[in-house]
Structure formats: structure tokens, C-alpha cells
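Hi,

Here is the model I promised to pass on. Have a look at it first, and my notes come after.

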Amino acid sequence: TFVEALVRSCLKTNLDAPGNKGVPVSAIHDYCKCNANDLADKISNDEVKTLEAADNEEKYRTAMQSRLEATAKMCLEATRKSLSK
């Protein structure tokens with residue numbers, strides 16, 4: 001459920017992003033799947049539940065920020081490599 005929700009959110013944000021005009025939908029989908037799967041590997045179910053229970057968006061964002069940045073960078077590089085093939 002976590003991965004599916006992340007993929008949906010990522011797709012919603014990135015499919016309509018002006019900077020992604022001309023980028024194949026399949027590449028955006030691969031990027032989003034990479035992000036979701038890698039982030040799922042970096043956070044436990046218990047941590048997600050704890051953060052959600054706190055009902056504090058700022059705390060959630062702060063806890064996730066460094067992981068999100070590292071994951072996004074890695075997935076962007078992987079997507080660029082796959083596009084250049």
C-alpha cells in the first residue's frame with residue numbers, strides 16, 4: 001500500500017510538471033517506481049505508522065527529507081541512464 005501510494009503521488013506530481021514535457025511516460029513511471037521502492041527499503045512500517053499517528057506534516061517531512069533527496073537523486077540518475085541507451 002505504501003509503495004502504491006507513493007507511485008500514485010509521484011505520477012500525479014511528475015506527469016503534469018512543465019519540466020517533464022517531452023519525457024516519455026514510461027520513464028516517469030520507472031522513476032516513480034524506483035523512488036517508491038527505494039524509499040520503502042529505507043523506512044520501516046513501524047516508522048511510517050508512528051509518523052502518521054503523530055499527525056504532524058512538518059515532523060513527517062523532516063523525518064523523510066534526507067531519504068527522499070537521496071532516493072530522488074539515485075532514481076533520476078538511473079532514469080537518465082536508461083533514456084540514453
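Below is what turned up on helix packing and pockets.

It's a predicted model, so local features need pLDDT of at least 70 and side-chain atom pairs count only at pLDDT 80 or more, while totals for chains, interfaces and linings use all residues. Numbering starts from 1 along each chain as its sequence is written, and side-chain values use heavy atoms, with hydrogens and water left out.

Helix packing: the axes of α1 (residues 2-15) and α2 (residues 25-42) come within 8 Å and cross at roughly 140°. Helices here are DSSP runs (H or I, at least four residues), numbered from the N terminus; axes are lines fitted to C-alpha atoms over the stretch in contact, with angles from 0 to 180 degrees between N-to-C directions.

A pocket is an open set of points on a 1 Å grid over the protein atoms alone, where a 1.4 Å probe fits, with protein on both sides within 12 Å along at least five of seven lines; lining residues have an atom within 4 Å of a point. Volume is the space filled by probe spheres set on the points, which are joined across faces, edges and corners. α1 gives the most to this lining, with 5 residues, and among the lining residues are Leu6, Tyr31 and Leu68.

The second largest pocket comes to about 170 Å³. Here α4 gives the most, with 4 residues. Its lining includes Asn14, Tyr31 and Arg80.

Cheers

Definitions and conventions:
Helix = DSSP H or I, 4+ residues; strand = E, 2+ residues; numbered from the N terminus.
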